[in-house]
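Dear colleague,

Please find the structure below for your records. My notes on one of its sheets and on the residues packed around that sheet follow.

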Amino acid sequence: MKNPTHIAQLRAQTSLHGLARLLGYEPKGLAYVVYGIGDAYKYVDFPIPKRSGGTRIISAPVKSLKLLQARVSTLLGACAEEIEVERGGKNRFSHGFRKNHSILTNATVHRGKRYVFNVDLHNFFGTVHFGRVSGFFAKNRHFKLDPVVARILAQIACHNKVLPQGSPCSPAISNLIAHILDVRMAQLAARHDCYYSRYADDLTFSTNRKEFPESIATRVSDSNEWIAGKSLLKIIKDSRFELNHSKTRMQFHRFRQDVTGVVVNKKLNVPSEYVRDVRAMVNSFVKTGQFTLRKSYRNDAGAWVVEEVAGNKVQLRGMLSFIDSVRVFPQKKLAMEKKDKREQRIPRVELKDMDGASRTYRRYLQYTQFFNPELPFVICEGKTDNVYIKCALRQLADTYPQLVSKTASENKLLLNFFNYTKVADRILHLGGGTGDFQTFIGNYGSEFKGFKSKEKRNPVILLIDNDEGTAKIFSSVKTATKRKSPVDGSEPFYHIADNFYVVAIPRLSGKSTTIEDFFDPTLLKTKLGTKVFSGKDGFDSATEYGKHYFAEYIVKKGQKTIDFSGFHPILERLVAVLTAHAAKP
């Protein structure tokens, strides 16, 4: 017998008690968050300036409410996927706040069109009020929830009787309610040989027809101003939304066309001036540690104002990531379409063949992660080693105040760890393989030209196993340091150059050793179902499980009760690096 669908489970609930269990709460716990916390204390409201002028109110829910809303959002997301299956096809129109959808999938719809017309919905979340939310869940043919449950969901989701900006479940609910708008708009577009898509409150139509259909948009007499057509306005009104007339615009193929910030004339791209500005910001940041952003907005008088404000490295990373994601999207899309998962990886480009945008991104990452890391920076051989070391540090915090700051609420790590991602593999050429580490050791510091820091920089530590496979890395260490004596991992650490060190885990009983050998042998015998742990790369998945499952389901989940005393020799070597580096001028 099949398990009931998420919608069926939700529809079966008739009270707060049932909904609480479905969301993973005790009834008293859910009741407290919904009813026990006073409305005045559920959110922190604060304004942020809007580019078009005025301010937008962000309502940030308190931690307990945010967790509850996140669970509601997850549940409704699963329901939305089931609705798509029931309808017999995926929702091709809505691209905001959805898995595997983005501003890029939204922009792709309108690539290479003669006309691109864009309208904006006014106060998108604010037009979805309490009664509309509860009524939707009670009456929508896919949900038909008990009125009590529908009302509780509305109480969880709404603030000041509307969906707030800042709640994790506002996007999911607004997408469900706006589906009827999408259907009607798509039908209008299809009747006139147009394409339609929506990203949150941003609606876009495009076509290659010689004349743009007047029912969707019309030109104001002989001017360059365009307004929404009567049919489009009627659909928005009938769907109980409002149009923001000030953001209506028509874009022609002879000029630059962009959709949700992405250029769509021939291929997806980023405005060239944006790329140039970000490159200048990175250049300033690596040389001075500072850079400025230009922010433009309308003042109270309606005039455009351009203001220079200080930027931070998180903002800069976001801008670089945006440029990179647009550049690689076509390759990523092509890779995802391949049936063979082994071929889905976007191939690396050699440093000499990298384009300017990728080089800029690499320069930023070289500076922030290696030249001037915020905290001592540890590069383990893989994601699982990160889990082991972090869990060990939290358990052994009393012994290592240099590595962990112990407070009443948490044990905060005083180290950062390299995160193995597809971007790191493609831009930094660090995927965790021996060959990558050899190149990294041999070339370390060669790209630091022009980098500056006003303060003493933290060390970068490459932490490796000490087995037969490490011999090539030891050889690279010997070459880089020009040592005559052998490099075999017996020393606490090896200083390569500048702020870079290599630490090999100590050998146990003189034998080839991997980091898993430092766990209690009984832990390594833990079964997951009927399967036993194998630390080898090629293991029998029918009877064994590998390092990933061991790290996530044995170590991470059981970290509070696991004996990590075997990790002392490894952590002592990390302390030795910090001590030696601190003594350097």
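Strands β3 and β5 are paired in the antiparallel sense over six bridges; strands (E, at least two residues) and helices (H or I, at least four) are DSSP runs numbered from the N terminus, and two strands pair if DSSP finds at least two bridges between them. Within this pairing, Val119 has Leu203 of β5 as its bridge partner.

The model is predicted, so local features need pLDDT of at least 70 and side-chain atom pairs pLDDT 80 or more, whereas totals for chains, interfaces and linings use all residues. Residues are numbered from 1 along each chain as its sequence is written, and side-chain values use heavy atoms, without hydrogens and water.

The open sheet has four strands in the order β4-β5-β3-β8, with antiparallel pairing. β4 (195–199) and β8 (243–252) are at the edges with a single partner strand each, so one side of each lacks a neighbour in the sheet.

Leu232 is in contact (heavy atoms within 4.5 Å) with residues including Phe117, Val119 and Phe205, not counting residues up to four places away in sequence.

Yours sincerely
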